[in-house]
Amino acid sequence: VLAVDDSAMDRNIMKKSMEPIGVKVIEASNGQEALNMLKSSEYTIDAVLIDIEMPRMDGFEVTNLVRHHEIHRELPIIMITSRTGEKHRERAFSLGVNNYMGKPFQEANLLENITAALQAGREA
């Protein structure tokens, strides 16, 4: 799973939450870094957890580019953000995110959503 957030603390929380269920997490601190990792053959990424507000490229831009890229079009994307208003939620879903979570998130909710996303990715 690729965790994309400009907050090192938030990335660390995501990583620590998923370790007990055996999910390996790699981290990117901004959208551009995330795209570079997705393009790299060094990583096999099965799902993305992404924030909206980040430097260099925001989560909306990354989601849009991923959804228009042949190889990653079906990659599960979960947006995790402090922007919990309906306007942001609607935009995220219109761009193709699979799930949308507010910050701070509940660990159990994250694990449930990532497990479902990984299962859906395997079935695609």
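**A loop residue and its surroundings**

Mentor: Arg56 is exposed, because its relative accessible area is 63%; buried means under 20% relative accessible area, exposed over 50%, and partly exposed in between, using a 1.4 Å probe and protein chains only. Before going on, note that this is a predicted model, in which local features need pLDDT of at least 70 and side-chain atom pairs count only at pLDDT 80 or more, while totals for chains, interfaces and linings use all residues. Residues are numbered from 1 along each chain as its sequence is written, and side-chain values use heavy atoms, with hydrogens and water left out.

Arg56 sits in the loop between β3 and α3 (59-67). Helices (H or I, at least four residues) and strands (E, at least two) are DSSP runs, numbered from the N terminus. The backbone at Arg56 has a positive phi of about 70°, although Arg56 is not a glycine.

The protein has five helices and five strands, and along the sequence they follow the pattern β-α-β-α-β-α-β-α-β-α. The C-alpha atoms fill a box of roughly 35 × 35 × 25 Å along the principal axes. The radius of gyration, taken over C-alpha atoms, can be set beside a globule rule of 2.2 Å times the number of residues to the power 0.38. For 124 residues a compact globule would have a value near 14 Å, and the protein has 13 Å, which agrees. Of the 124 residues, 44% count as buried. Contact means heavy atoms within 4.5 Å; among contacts between residues at least 6 apart in sequence, 59% join residues at least 24 apart.

Arg73 lies in the loop between α3 and β4 (77-81). Arg73 is partly exposed, because its relative accessible area is 36%. Apart from neighbours within four places in sequence, Arg73 is in contact with Val66, Arg67 and His68.

Asp46 lies between α2 (31-39) and β3 (48-50), and counts as partly exposed because its relative accessibility is 45%. Beyond residues up to four places away in sequence, Asp46 touches Leu75, Pro76 and Leu118. Asp46 and Gln119 are 73 residues apart in sequence but 9.6 Å apart in space, C-alpha to C-alpha.

The largest pocket holds about 360 Å³ of space. It is lined by 20 residues, and those closest to its centre are Val1, Thr44, Ile45, Asp46 and Leu118. On a 1 Å grid over the protein atoms alone, a cavity is a set of points where a 1.4 Å probe fits but cannot get out, and a pocket is an open set with protein on both sides within 12 Å along at least five of seven lines; lining residues have an atom within 4 Å of a point. Grid points are joined across faces, edges and corners, and a volume is the space filled by probe spheres set on the points. Helix α5 (residues 107-123) gives the most to the lining, with three residues.

Leu111 is also in helix α5, and it counts as buried because its relative accessibility is 19%. Leu111 touches Ser17, Met18 and Ile21, leaving out residues up to four places away in sequence. The C-alpha atoms of Leu111 and Met14 are separated by 9.3 Å, although the two are 97 residues apart along the chain. In helix α1 (residues 8-18) there is Arg11, which is buried because its relative accessibility is 11%. Its contacts beyond four places in sequence are Ala3, Asp5, Asp6, Glu27, Ala28 and Ser29.

Pro104 is in the loop between β5 (99-102) and α5, and a cis peptide bond, with omega about -5°, joins Lys103 and Pro104.
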